[in-house]
Amino acid sequence: MEKSGNPPPYGWGNGHTLQPPPAAPPSYSQAVGGVGPSSPYTPQYPASAGPPIVTTVVAVGPHPTHMICPSCHAEIDTATQTKPGLIAYISGAIIFLLGCVCGCCLIPCCIDNCMDVHHKCPHCGAYLGRYRR
């Protein structure tokens, strides 16, 4: 074999005529006659009218928080409501297991430090978050 740099010419049929190499075999869908693979699904989103509204996450605490409601976009002080949290239920179960079954196990449900604080919007009533103790 010579290393002249060029590949040997293709010669089919009689030895003097040059022909191009045979075409690539057909694809699977062409050979079988099926439908070729479709492109992946790309959802179409409608164009928004106006600039997007950016909301920030405001950390809520044990007291009413001054913020802008992400639902009604009003400047508000949140309305708070306290409900027994996980600590109240766990400590009540421990008191019950220690033998105080005469209602003493309900005492943690009356202590403010065992209560979770739930924040809502006073205008639209949207739930804004929970402060866990």
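In what order do the three strands of the open sheet stand, and is their pairing parallel or antiparallel? The order is β3-β4-β5 and the pairing is antiparallel, where two strands are taken to pair if DSSP finds at least two bridges between them. This is a predicted model, in which local features need pLDDT of at least 70 and side-chain atom pairs count only at pLDDT 80 or more, while totals for chains, interfaces and linings use all residues. Residues are numbered from 1 along each chain as its sequence is written, and side-chain values use heavy atoms, with hydrogens and water left out.

**Overall make-up**

- The chain holds two helices and five strands, these being DSSP runs numbered from the N terminus, with helices (H or I) of at least four residues and strands (E) of at least two.
- Following the sequence, the elements come in the pattern α-β-β-β-α-β-β.
- Of the 133 residues in the chain, 17% count as buried, a term that means under 20% relative accessible area, with exposed set at over 50% and partly exposed in between (1.4 Å probe, protein chains only).
- Among contacts with a separation of 6 or more, 48% come from residues 24 or more positions apart, a contact being heavy atoms within 4.5 Å.

- Strands of a sheet pair through backbone hydrogen bonds, either parallel or antiparallel.
- Strand β4 (residues 115-120) runs antiparallel to β5 and is joined to β5 by four bridges, and Val-117 stands opposite Tyr-131 in β5.

**The loop at Ser-71**

- Ser-71 lies in the loop between β1 (66-68) and β2 (75-77), and its 49% relative accessibility makes it partly exposed.
- Leaving aside residues up to four places away in sequence, Ser-71 touches Cys-124 and Ala-126.
- The C-alpha atoms of Ser-71 and Leu-128 are separated by 9.2 Å, although these residues are 57 residues apart along the chain.

**The annotated segment**

- An unreviewed UniProt entry places a "transmembrane region" at residues 86-111, and such annotations may be inferred rather than shown by experiment.
- In the model, residues 86-111 are 46% helix and 0% strand, with the end C-alpha atoms 13 Å apart.
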